Amino acid sequence: MYIQSATEPGDSGHPNEDFCATAQPASGHGGALVLLDGVTPPAGDDGCVHGVPWFTARLGGALLELSGSLTDVPLSECLARAITRTAASHRTTCELSHPRTPQATVVCARWSEHTVEYLVLCDTVLLIRHQDGTVRPVLDDRLEQVLAAARTAPPGGRAARVEGLRNAPGGFFTAAADPAVAHRAVTGAVPRAEVRALAALTDGASRWTEVFRLGDWTRLFGVLEEAGPHGLIARVRAAERADPAGTVHPRGKIHDDASALLALTGG
């Protein structure tokens, strides 16, 4: 794999809550990528003394190590073990039962000579470009379903309705302190010979398609191949600046942390 990545905070005065990393063995016959998007908590206490950037670094680092070294262990189990390890590292200092304890959305992919495995949890995105040029998005759309249903609720109750379905049956799931959510992720595998390239995006980068509607997933993949991850993020920032109040393209944050990773098989 030939890999490019970029990450940029939405606010230069606030720490970047994304995590983006890859691992490749010296043999060159396999590897793994991990992309996390930390969930920014509302103002106030979240029960943790460390903060979201600390959490995503710990969880992302653990997941990268486990998925890259334990190649016989499914990615969902690697994520469960990473969550358990991260929770243990701050259980004595923090209230992990708090509903907004630090948490993150997750993309993980692992490849060998024969197979590409993947895992997606919540609204991060994995794109698979096949050898025939088609692009298949791997999405976990449960958050979008919850948000769509919440739009029918009275305005004052929408946020509470969404929060009530966070990491709950019938709702959506993020990686926090409970390892069981790892087994609710979207997972799968495809033959390595069928894959030309992979792309992983946090929602700050995927808004090029999902919010600004500047092109479909195939066109977004083309931007990554032509301009690289930095180029895609630059285009997202330009679109954000063109609608600074979010009146044309409503979004939770005017500028969000944005991360993108492109992995080319060379085939």
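Trainee: In which sense do strand S4 and S5 pair, and over how many bridges?

Mentor: This is a predicted model, where local features need pLDDT of at least 70, side-chain atom pairs count only at pLDDT 80 or more, and totals for chains, interfaces and linings use all residues. Residues are numbered from 1 along each chain as its sequence is written, and side-chain values use heavy atoms, leaving out hydrogens and water. Strands are DSSP E runs of at least two residues, numbered from the N terminus, and two of them pair if DSSP finds at least two bridges between them. S4 covers residues 104-111, and its pairing with S5 is antiparallel, over six bridges.

Trainee: Which residue in S5 is the bridge partner of Ala109?

Mentor: Strands of a sheet pair through backbone hydrogen bonds. For Ala109, the bridge partner in S5 is Tyr118.

Trainee: Which are the edge strands of the open sheet?

Mentor: The sheet has five strands in the order S2-S3-S4-S5-S8, with antiparallel pairing. An edge strand pairs on one side only. That gives S2 (18-23) and S8 (186-191).

Trainee: Is Thr115 buried, partly exposed or exposed?

Mentor: Thr115 lies in S5, residues 115-121. Buried means under 20% relative accessible area, exposed over 50%, and partly exposed in between, with a 1.4 Å probe and protein chains only. Thr115 has 27% relative accessibility, so the label is partly exposed.

Trainee: Which residues does Thr115 touch, not counting those up to four places away in sequence?

Mentor: Contact means heavy atoms within 4.5 Å. The C-alpha atoms of Thr115 and Ala193 are 7.8 Å apart, though 78 residues separate them along the chain. The residues touched by Thr115 are Arg110, Ala189, Val190 and Arg192.

Key
Helices (H or I, at least four residues) and strands (E, at least two) are DSSP runs, numbered from the N terminus.
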